[in-house]
Each structure stands twice: as structure tokens, then as C-alpha cells.
Amino acid sequence: MTAPTTAREAILARIRDAQALAPAEEVTIPRAYRTGRTLPTDELLELLTDRLVDYKAEVHACPAADTAQVLAAVLRDHGARRIGVPPSLDPSWLTAYDGEVRRDSADVPAPELDALDGVVTASAVTCAETGTIFLDASPDQGRRALTLVPDLHVCVVDRSTVEAGVPETVARLAPTRPTTLISGPSATSDIELERVEGVHGPRTLVVVIRTDA
Amino acid sequence: MRVGLFATCLGDTLFPDAVKATAVLLARLGHDVVFPPGQTCCGQMHVNTGYQREPVPLVRGFAEQFGDPSIEAVVMPSGSCAGSVRHQHGIVAERYGDAALRAGVAAVRTKTYELSEFLVDVAGTTDVGAYFPHRVTYHPTCHSLRMLRVGEKPLRLLRAVEAIDLVELPEADACCGFGGTFAVKNAETSAAMLADKMRHVTGTGADVCTAGDSSCLMHIGGGLSRIEAGTRTLHLAQILASTRTHPYVLPDDTDQLEAATR
Amino acid sequence: MSPRTSQADAPARTTYLGMPTVPPRSPYGTGNLRGDRKFPRAAHDELRNDQLRRNLGKATHTIRAKRLAVTGELPDWEALRDAGSAIKTDTMNRLPELLEQLEAKVTEAGGTVHWARDGAEANDIVTRLVQQTGSDEVIKVKSMATQEIGLNEHLAEQGIKAHETDLAELIVQLADDKPSHILVPAIHRNRDEIREIFRDRIPGVDPDLDSVPAHLAAAARAYLREKFLTTPVAVSGANFGIAETGTLSVVESEGNGRMCLTLPDTLITVMGIEKILPRFADLEVFLQLLPRSSTGERMNPYTSMWTGVTPGDGPQNFHLVLLDNGRTAALADKIGRQALNCIRCSACLNVCPVYERAGGHAYGSTYPGPIGAVLTPQLAGMDVSSDDPNSSLPYASTLCGACYDACPVKIDIPSLLVELRHQHTEAAGTTAEQLAMKAAAAVMGRPGVYRAAQKASGLGRALAGRDGRISHLPPPFNGWSDTRDTPAPPKQTFRAWLASEEGAKTMRAAAKEGREALRTTTAEEGARGRSAGAHAEDAAGSRADGDVHDEEEQ
């Protein structure tokens with residue numbers, strides 16, 4: 001027997017040795033936890049809103065037809081005069097907004113994003129039970145830096161993308177897309193375990209739930 | 001039922017009153033109590049301190065003493081010793097025993113009970129006819145709580161005691177810091193845990209702090225004695241064995257001195 | 001049972017030629033898996049730190065309540081724990097193939113995979129990769145693996161400055177301190193201490209900075225933002241690596257993780273080989289278990305997932321370093337390998353009464369608390385010949401079991417502690433303690449000798465004062481007797497009482513009461529044939545005052 005030459009071979013050989021010394025006990029994975037749950041719309045959105053508010057997100061609900069008005073009002077309330085949007089955000093969403101809109105692209109250096117007052121994006125899928133929004137960097141959500149550097153993130157969530165629990169939500173993801181899970185604004189509990197909202201990510205998260213979209 | 005009483009080495013030697021109370025209580029409830037005379041120690045201290053070869057004779061002795069199939073249940077006034085029999089004897093037998101020992105251990109393990117488990121689950125009783133007109137707080141010992149999962153059973157037994165003033169112990173499920181040889185090897189950390197436990201115990205204003213393990217009570221009681229606290233420790237069995245006709249008399253301070261030197 | 005499961009045939013089932021050898025531990029003297037003194041000695045000092053005790057007590061109690069609230073609200077919590085435990089066990093069973101699959105998927109997605117046998121090799125790999133970028137600084141996401149191998153110290157020796165970006169890690173780094181908790185590394189610091197550290201160590205910080213946590217967090221935000229936007233290399237750990245897809249994941253709260261994983265050109269992730277999960281869908285279990293066990297939240301604020309390199313989004317150079325450093329040694333232990341299932345939630349620390357008093361530093365390792373007490377000795381060993389401080393870790397527990405109840409993947413930490421104690425005593429061979437244990441077992445193994453010893457223990461009464469209390473004991477029991485009295489052994493053992501006239505009389509009276517009680521019960525129950533009670537009644541008469549003392553006092 002010759003000694004393994006690379007770290008890779010050595011580690012794999014060590015694992016096989018370990019498994020020979022302590023043979024594995026076969027295991028079947030019990031999956032008795034809840035999956036495939038559905039909830040009626042009102043219950044689902046009530047749950048989601050409760051969880052979002054609990055984690056200090058600002059929540060608005062509206063029919064899809066009111067998207068532009070609601071977004072304009074939110075941006076105005078937060079004093080956002082210059083916002084960034086992902087490349088393929090529905091242009092009709094911002095027709096009522098009178099500030100400056102910068103459409104993002106991969107060649108915009110990240111420090112420039114720091115000069116934006118906020119960002120408006122769509123979202124991929126949302127888990128009601130935990131109040132978690134999943135962004136998957138699709139063209140209506142943009143690259144990850146866009147929703148990270150600005151201090152205000154206004155995120156549009158459509159009813160059709162809201163799932164009850166974590167398993168239902170994970171099942172709808174495209175695994176290899178860069179994915180960000182967002183549950184409220186950034187937070188830390190590092191000082192005496194007292195929760196402080198707003199550290200490095202956007203300190204304000206506004207969620208606009210479109211109840212009929 | 002024909003019940004084999006395991007006194008535990010600590011109970012037999014240092015806390016015989018708790019074992020007496022257990023024996024009397026079981027007999028009074030109509031059980032046929034037998035005391036296999038060759039019994040000694042379950043070997044828990046050895047296993048918990050890292051020694052598994054040395055207690056093989058103890059594990060074997062236990063299995064032999066209580067292996068008699070006419071003994072329907074083995075009962076002991078200790079959650080940690082019951083835990084040792086049920087969870088550790090198998091480990092020792094598997095590693096250092098022979099086939100006969102493994103079989104013996106397996107047979108005895110399934111009929112071994114801590115006192116409150118036996119009373120509630122096997123004998124199906126919560127009211128044992130006890131009378132104890134004192135303020136009592138209950139400390140659920142770790143092995144009763146998390147190894148045996150006795151849950152509310154001791155409390156159900158205590159709530160049924162006539163005239164008892166049962167008060168809840170804050171942070172009851174926190175360990176008292178005993179842990180066998182832990183209290184010797186890590187005496188200072190153990191003492192810090194004990195200090196918090198004593199603060200909660202004395203804060204209840206109870207006359208008596210009770211539990212299902214003489215070992216933990218020795219620890220808590222040893223601390224309470226050192227700080228001259230007004231609360232004393234008493235095994236659960238002694239409360240349950242106290243009746244109107246044969247009440248347990250709480251000694252006052254003078255009596256306590258006499259009792260201790262008796 | 002088929003014969004092929006027999007031990008003799010087991011090696012033949014592998015493709016490996018020759019006898020399997022036990023994989024090496026993390027080399028002695030490297031990394032941060034060993035303190036410089038044993039637990040009781042270290043705890044001695046920590047226990048005297050009143051500030052630490054207050055900080056820890058408050059923090060652990062707060063987080064316990066939060067965890068119980070959010071785990072209690074899931075009706076399927078136990079089912080999730082069962083699934084999580086089984087998935088990790090399955091992962092360990094299939095580790096080689098899963099690692100190869102992960103490597104293939106990451107490579108396919110544009111990443112580069114490196115393998116490191118130990119901490120030193122991992123440190124060299126990371127250093128070389130940083131040097132290749134030309135940068136002399138890196139930003140870091142809180143990572144247990146890089147803490148374990150002492151990466152920051154190694155980078156510093158090579159002239160590379162590592163900026164910790166997690167708030168607590170920043171506090172620890174600025175104070176030249178060591179982390180004391182897996183999740184909240186600065187748990188031992190209170191807000192006033194943190195304000196002092198920031199005022200002294202952050203360049204240009206407002207000298208009037210107060211100790212309001214929100215203001216302290218804002219100061220850290222301002223300080224680190226420039227680093228995030230300008231540093232070209234980041235180093236991270238990983239919470240999960242998905243074999244099926246090559247996806248890596250970091251679970252965090254502050255957004256510093258997202259910053260590091262997104263903004264630099266180059267990302268280097270150091271991941272222990274046990275962090276792997278077979279399938280992407282397994283995240284449905286762990287994304288529920290981890291945050292609820294860890295911070296006591298339904299979900300942590302941010303989780304990032306990435307697969308290799310995505311053109312136009314995030315780092316365009318991605319390196320994954322797979323770290324062994326003693327993990328395969330743990331895997332070779334049938335019982336101990338459970339510790340590899342750990343997902344670093346730190347729930348066991350937060351519920352541990354020993355951790356609560358002694359704090360994380362007393363363990364001397366990157367991994368403190370109950371999981372540290374079982375993981376550290378397995379990764380780095382308990383070298384008996386050098387009186388290894390790690391050999392004291394398995395004893396730093398009362399075996400109270402709170403950790404096992406809290407563990408989201410059901411690692412039976414008390415059983416592992418007992419197992420490691422056994423391994424330690426076996427390795428230590430003949431010691432004074434072992435001789436004492438042997439002697440005790442010899443006495444207790446022979447009932448006659450045992451009874452004689454019980455009588456002799458009555459001699460302990462000589463140690464007692466007139467009040468029947470023993471207040472001083474000789475070493476090694478002096479630590480016990482410093483704060484606890486011990487009752488003098490009573491004159492009469494239980495068995496002697498039972499054999500005595502008084503005992504027999506008492507038991508007869510009790511049995512009589514029992515018979516009367518049964519008669520009443522039987523009458524109430526009516527004629528149901530021969531009941532268990534009736535049997536007991538017969539037996540009680542013959543046994544309680546029969547056998548009991550026949551064999552006694554022979």
C-alpha cells in the first residue's frame with residue numbers, strides 16, 4: 001500500500017478507515033414533520049403580516065392595481081428621493097413615483113449603491129410562518145448587492161408566492177440561484193442578547209403584499 | 001405485587017430512614033416487599049466517573065439478586081440508580097460482560113422503577129394516604145426528570161398528601177450541582193450551582209425540600225446545613241410514608257441535634 | 001444476521017487494502033482546540049468574576065425563554081428533531097461519496113475545491129489564495145472553523161490583516177480577547193465594557209458614544225461599511241454544504257455575512273467536512289431547527305445561499321476549503337461520532353448549568369459548553385502523557401441532561417461524556433483514582449465484605465462534630481466540605497434495621513395495614529377472581545417477616 005499523495009486522497013482514505021473501524025448503523029429518515037400545508041388566503045396573509053411585524057418590518061397590503069400608488073407613498077414617507085431598481089422591475093410599479101430611478105446593472109460599482117436612498121424589488125417566494133422573504137436574484141429582484149447596500153428595501157410580495165411553512169417554501173426554490181432569505185431588517189443580539197434592529201443590511205424593510213396577485 | 005426493594009448503597013449506609021420509609025410505604029400499600037440480602041451497589045458512580053470494567057461484578061450482582069422471575073418489580077428510592085440500571089448496565093454488559101450477563105441485565109432492566117414511577121405507573125395510585133402538615137418544596141432531580149422522565153409523577157403524589165402546603169420551587173429543573181464525583185472534581189462550579197439552588201429553596205420559605213434521590217438531597221442538605229438555613233431536606237418516601245397515625249415529626253433545632261447523633 | 005456483518009469480514013467490504021488505522025487528531029499544539037490549564041483551575045478564576053457571572057446569567061436566561069417559546073409553538077418540533085438527527089447520521093454514513101459529489105458540483109459551478117488534512121494545511125491554503133489576489137487584508141464572517149484553526153493569527157504572521165465583521169467578533173477582536181460562546185462570542189461583556197472597547201479601539205469613533213446597544217451597533221456599522229465596500233477578499237465558514245447541488249449556506253443576523261459573501265471579488269469558504277447535507281430539500285428541516293434553537297427566533301434575519309460563481313452577481317472567484325482536522329478521528333468512534341452531527345446552534349451552552357457559571361473561556365477551546373466538552377477531546381485528543389487540559393473536559397458536567405433535551409439533532413451528550421470519561425480512564429491506566437474505584441468495586445462486589453465496610457463506615461462518625469455534622473474532609477474531598485456539611489453515618493444501616501426486632505415489627509405492622517387496605521379494596525371491586533392484590537396479600541404474610549432477615553447478618 002502506498003501512502004495517499006494528496007490531501008484529498010488522504011482525507012477520503014481516513015473516512016473509509018473510520019467507517020471500517022466504526023461501521024455505520026443503517027438509518028431511515030423519518031419525515032413525520034409537516035409538509036404540503038396550505039392555508040386559506042386570509043389566514044395565510046394574517047400569519048405572514050403578524051410575523052413580519054413581529055420582526056419589525058413595515059407591512060402594507062393592497063390590490064395589484066394600487067401597486068404604484070402604495071410604492072410612491074412608501075417611498076415618499078421614507079424620504080427616498082433616489083432609488084435603485086433591478087433591471088427588469090415592472091415599469092408600471094413606479095409610475096406614481098416622482099423621484100430619481102436608477103436601473104441597476106452588474107457593472108455599477110457597489111460603493112455607488114451606497115448613494116441610493118433605497119431600493120424597490122419583487123421577490124421569489126415567501127414563508128408565512130416565519131415571515132421570511134426569499135430573493136433569488138431573478139431580473140425583477142436584481143443582484144444580491146442591490147438589496148444589501150442601500151438602507152431601505154421596499155419588497156413586493158405577491159399572494160401567489162406565499163407559502164405556509166418552510167418545507168413548502170424551500171420546495172419552490174431554484175437551488176443553484178444565488179438566494180437570500182430575509183426575515184425583517186438586519187439585527188444583532190450580540191450586546192447582552194438585547195435585540196437591536198438595523199446593523200449592516202438595510203435598516204428598514206418595507207413589505208408590500210399584493211393580495212390578488 | 002411482589003416487589004424487590006433495592007436500598008442503594010447510599011440509602012442503605014447513609015440514609016436508611018429514606019429506605020425504611022420506602023419499605024414501609026410499599027408494604028402498607030399491600031405489596032409483598034422482599035429485600036435480596038446480597039444486594040450492594042448499582043455501580044453508577046463507577047460508570048459516571050469513567051470506569052466500566054470495575055463495576056462488572058456490581059452489574060452482575062444486581063442482575064442476580066433481582067433476576068428471580070417471581071420478583072415482579074424492582075423498586076428503589078433513587079432516580080439516578082434506576083437510571084443507571086436502565087441505561088448503563090446494558091452498556092457495561094455489552095462491552096465487558098458475557099452473554100449471560102447481557103441477558104440478565106436485559107431481564108432486570110425492564111422491571112426496574114424509581115419509587116414514584118412504580119407508585120403511579122405500576123401500582124396505579126397517586127393517593128397513598130399520607131399526611132404531612134408542613135410547607136414543602138420539591139426539587140426534581142436531573143436523572144428522574146431527564147433520564148427516567150418521571151415528569152409530574154412525584155408532584156401528583158405530593159399534591160395528594162393530606163395537609164401538605166406544597167410550594168413551587170423556582171427554576172426547579174436546574175441541576176443542584178451534585179453530579180457524583182463532579183462535586184469533588186469541580187467542587188467550586190458545583191458550589192456555585194448549589195448556591196443558586198439554595199437561594200431558590202430558602203426563598204420558598206419551605207420547612208422541607210424534598211426529592212427522589214438521597215444523593216442530591218445530601219448535596220442540597222449539606223449546603224443548607226452549612227449556612228444554617230431553616231429548611232431541611234427529606235426524601236419523598238419519608239413524606240409519603242408519613243400518616244396521621246404514624247406522622248413524621250419534624251425535629252426542631254434541639255431535636256435535630258439529638259437526632260443526628262442518635 | 002448474515003455472516004458478512006461479522007467483524008472479521010468487515011474490512012473486506014471496503015476497497016481499501018490493509019488494516020484500517022485510526023485517523024489522526026488535530027496535531028497537538030496547533031490551533032485553538034486546547035486551553036493552557038484544566039477546567040477546574042480555569043473555572044476557579046472565572047467563577048470569581050462577578051461581572052461575568054451576571055452577564056452570563058442574564059444572557060442564558062433570556063435566550064432559554066426565547067428558545068422555549070419558538071420551539072414550543074411548532075407542533076412538529078420533535079418530528080423535526082428526529083429528521084434532523086437521522087439526516088446527519090445518514091450524512092456521516094455516506095461521507096466520502098457526498099464530499100465527492102459536493103466537490104464535483106462546486107467545480108461544475110465555477111468554484112475551486114481544496115482539501116486540508118489539518119488546520120495548518122488549511123491556513124496555508126487560505127494564505128496562498130489571499131496572497132494571489134494581492135490583497136493584504138480580508139473581511140471575515142464569523143466562522144467556528146477558522147477560529148478553530150487559528151486562521152487570523154496565521155494570516156497576521158503572514159502580514160495579512162483579518163477584519164472580523166460580526167459585531168461580537170469585532171468586540172472580541174478589538175479587545176484582544178477570546179470568544180466565549182459559539183453564537184454570541186462576546187456574551188461575557190456587558191454594554192459598558194463594549195462602549196469602553198469601542199471608544200478606545202475604533203479610530204474616529206464619537207468620544208461621547210454611550211452604551212445604548214443601538215448606538216453601539218451603529219458605531220460598528222459606520223466603522224465596517226468602508227471595509228465591506230473596499231476589501232477585495234472575504235473569508236467565511238459555512239453552516240451547510242449541499243452535496244446534491246454544490247450550494248453553500250451561511251446563516252446570520254447582522255448582514256455582515258451578506259456583505260462578505262456578496263461584495264468582494266474573491267470568497268474563500270472554510271468548511272468542516274461534517275457540515276455537508278445530502279439534499280437541497282434537507283434545508284427544509286435545518287432552516288427550522290437552527291434558528292429556533294440558536295437565537296430563539298422563528299428565522300434569523302438573513303440566510304445566504306450560493307452555488308459556485310454567478311456571473312454578474314457576487315464574488316467571481318470562489319474557493320471552498322474542506323477541513324478534516326480531527327473530524328475523521330471522531331468519525332472512527334462508534335459512539336463519539338454523534339458529536340459530528342452538531343449544527344453549532346449553541347442551545348446546549350445556553351441551558352448548561354456548568355457553562356452558565358464557569359463561562360466559555362474555562363473550556364479553553366473554540367468549542368465551549370457541553371458540545372465542546374465532547375467535540376474538543378475528539379478533534380484534538382486527550383493526551384494522557386502530557387496531562388492534557390482537554391482530558392478534564394468530559395468531567396466538566398454533572399450529566400444533568402439539559403443539553404440532550406435542547407439539542408435540535410438529539411446528540412446524546414451525557415452518554416458521550418460518560419464514554420469519553422471511560423476512554424480517558426482506559427488510557428490513563430493505573431491511577432490513584434482507578435485503584436480507589438477498583439477497591440470500591442471489590443468491596444461492593446462481595447456482600448459480606450460490603451457489610452463489614454458499612455460497619456467500618458460508622459467510624460466516619462468519629463469525624464463528626466457533636467452536632468452530627470462532618471464539616472471538614474481530607475483531600476480530595478476538601479472542595480466538597482468547603483461549602484457542604486456531610487451527615488455522620490447513622491449507627492444502623494437499613495439492612496441492620498430490617499433485621500432487627502424493631503424493623504421486623506415495623507414491617508409486620510405495615511404489611512398488616514396493607515392487608516386491611518387490600519381487603520377493603522377487594523371488597524369494593526367485588527368478585528373478580530384472584531387479583532394481583534390477593535396474591536400480594538398471601539405473599540406479604542410470608543415474605544415481609546420471613547426471608548428478609550434469614551440471610552441477613554450471617
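This note sets out points on the chains of a predicted model, their contacts and some of their helices.

1. Arrangement of the chains. Two pairs of chains touch, and the pair with the most contacts is that of chains A and C. Chains A and B, by contrast, do not touch. The nearest C-alpha atoms of chain A and chain B are 15 Å apart.

2. The contact between chains A and C. Chain C gives 86 residues to this contact and chain A gives 63 residues. On the side of chain C that touches chain A, the greatest contribution comes from helix 3 (residues 77-93) of chain C, with 9 residues. The side of chain C that touches chain A comprises 45 nonpolar, 24 polar and 17 charged residues.

3. The contact between chains B and C. Here 66 residues come from chain B and 78 residues from chain C. On the side of chain B that touches chain C, 35 residues are nonpolar, 21 are polar and 10 are charged.

4. The fold of chain B. Chain B contains 14 helices and 8 strands. Its radius of gyration is 18 Å, close to the 18 Å given by the globule rule for 262 residues, so chain B is as compact as a globular protein of that length. Along the principal axes, the C-alpha atoms of chain B fill a box of roughly 55 × 45 × 35 Å. Of the 262 residues in chain B, 64% are buried. Among the contacts in chain B between residues at least 6 apart in sequence, 78% join residues at least 24 apart.

5. A helix pair in chain B. Helix 4 (residues 56-66) of chain B and helix 6 (residues 99-109) of chain B have axes that come within 9 Å and cross at roughly 60°. Helix 4 of chain B is therefore oblique to helix 6 of chain B. The crossing of these two helices is left-handed. Helix 4 of chain B contributes B:Val59, B:Arg60, B:Phe62, B:Ala63, B:Glu64 and B:Phe66 to the contact, while helix 6 of chain B contributes B:Leu101, B:Gly104, B:Val105 and B:Val108. By class, the residues of this contact are 7 nonpolar, 1 polar and 2 charged.

6. A helix pair in chain C. Helix 16 (residues 369-380) of chain C packs with helix 18 (residues 413-428) of chain C at an angle of about 40°, and their axes are 10 Å apart. These two helices of chain C are therefore oblique to each other. Helix 16 of chain C passes helix 18 of chain C in a left-handed crossing. From helix 16 of chain C the contact draws on C:Pro370, C:Ile371, C:Ala373, C:Val374 and C:Pro377, and from helix 18 of chain C on C:Ile413, C:Leu416, C:Leu417 and C:Leu420. The contact of helix 16 with helix 18 of chain C has 9 nonpolar residues, with no polar and no charged residues.

7. A residue of chain C. C:Ile171 lies in helix 8 (residues 167-174) of chain C. With 24 other C-beta atoms within 10 Å, C:Ile171 is buried, since the cut-off for a buried residue is 20 or more. Apart from neighbours within four places in sequence, C:Ile171 is in contact with C:Ala186, C:Arg189, C:Ile194 and C:Ile197. C:Arg189 is 18 residues from C:Ile171 along the chain, and the C-alpha atoms of the two are separated by 8.8 Å.

Note on methods. Residues numbered from 1 in each chain as written. Chains lettered and ligands numbered in written order. Predicted model: local features only at pLDDT ≥ 70, side-chain atom pairs only at ≥ 80, totals over all residues. Contact = placed C-beta atoms within 7 Å. Nonpolar A, V, L, I, M, F, W, Y, C, P; charged D, E, K, R; others polar. Helix = DSSP H or I, 4+ residues; strand = E, 2+ residues; numbered from the N terminus. Rg over C-alpha atoms; globule rule 2.2 N^0.38 Å. Buried ≥ 20, exposed ≤ 12 C-beta atoms within 10 Å, placed from the backbone. Axes fitted to C-alpha atoms, helices over the stretch in contact; angles between N-to-C directions. Parallel < 35°, antiparallel > 145°, perpendicular 65-115°, else oblique. Left-handed = near helix turned anticlockwise from the far one by under 90°.
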